[in-house]
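Thanks for sending this one over. Here are my notes, as numbered points, for you to read alongside the model.

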Amino acid sequence: MHSEDNDICDGCGKSALLQEMQGNEFCDSCSQLARIIKTEPQLLRKICTLTHSDPHGSAGGEQVCPAGASLELPDVLDAVRYRTRDRELNTWYVSVSELRGNPVEIFASTAFDRDHHLQSRISNLTTITRLVSLVLRHVFLGEVLTLEKTIKQLHRSSRQKNDLPDMLTRVLSRYARHPEKEADDLEEGEQVL
Ligand SMILES: [Zn+2]
């Protein structure tokens with residue numbers, strides 16, 4: 001459930017070793033900042049006053065962070081695993097993580113992970129489950145959705161160059177604030193859609 005790889009920070013957009021926090025992935029400084037915003041709003045307000053900065057850029061008096069706007073995803077979740085089969089009778093295992101009876105994440109795996117013919121199907125199913133998990137965390141945990149998060153999940157779903165999620169990553173990255181480097185690989189002719 002904890003990912004620790006070098007990737008794009010949801011906060012500042014820099015490439016860094018990331019820590020997961022409420023469904024977001026933050027670099028070290030952004031996660032420290034987020035922790036203070038969340039746990040010590042008074043301290044934040046005081047520092048803003050001391051440094052004459054207004055976190056809103058507008059009239060003061062408002063809360064910096066809407067308290068309790070979202071639930072935190074705990075480190076340990078109950079999961080239910082379902083065994084199911086597709087139309088070609090391949091067996092798949094679908095795991096649903098639950099929080100208070102609600103599905104908050106969904107994963108799928110197969111016993112035939114190394115089967116070459118299943119690679120593209122696995123990456124497509126991974127794409128679906130990663131995007132559905134993003135939506136579920138939004139619905140049940142109040143996680144904020146962004147284009148960058150959508151692209152990150154697409155990017156991580158890819159297993160081979162030019163598979164479907166990789167293709168979508170490259171196209172959508174052109175619209176992102178922090179384009180994945182793959183966007184550069186898009187050939188000129190492919191720009192016209
Ligand atoms: Zn950051």
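1. Let me start with Lys149, which touches Asp10, Gly23, Asn24, Leu134, Glu143 and Val144, leaving aside residues up to four places away in sequence; contact means heavy atoms within 4.5 Å. Lys149 lies in helix 4 and is buried, with a relative accessible area of 5%. Buried means under 20% relative accessible area, exposed over 50%, and partly exposed in between, using a 1.4 Å probe and protein chains only. Helices (H or I, at least four residues) and strands (E, at least two) are DSSP runs, numbered from the N terminus.

2. A word on the ground rules: this is a predicted model, where local features need pLDDT of at least 70 and side-chain atom pairs count only at pLDDT 80 or more, while totals for chains, interfaces and linings use all residues. Residues are numbered from 1 along each chain as its sequence is written, and side-chain values use heavy atoms, with hydrogens and water left out.

3. Leu154 is also in helix 4, and at 4% relative accessibility Leu154 counts as buried. Beyond residues up to four places away in sequence, Leu154 touches Thr127, Leu131, Pro165, Leu168, Thr169 and Leu172.

4. Which residues of helix 5 (residues 164-172) are buried? They are Pro165, Asp166, Thr169 and Arg170. Seen down the axis of helix 5, these buried residues fall within an arc of 140 degrees, so they line one face of the helix; the arc is that of the directions from the helix axis to the C-beta atoms. Their cover includes helix 3 (119-141) and helix 4 (147-157). At the start of helix 5, a side-chain oxygen of Asp163 comes to within 3.1 Å of the backbone nitrogen of Asp166.

5. Now the metal site. The zinc ion has Cys9, Cys12, Cys27 and Cys30 as its protein donors, each through SG, lying 2.3 Å from it. Donors are N, O and S atoms within 2.8 Å of the metal (3.2 Å for Na, K and Ca); water is not among the atoms, so sites may look incomplete. Along the chain, the donors follow the spacing C-x2-C-x14-C-x2-C. Cys9 lies in the loop between strand 1 (6-8) and strand 2 (15-17) and Cys30 in helix 1 (residues 28-39), so the pair ties together parts that are 21 residues apart in sequence. Both Cys9 and Cys30 are buried.

Key: A polar contact is a pair of N or O atoms within 3.5 Å; within protein, one must be able to donate a hydrogen and the other to accept it, and residues adjacent in sequence count only if both atoms are side-chain atoms.
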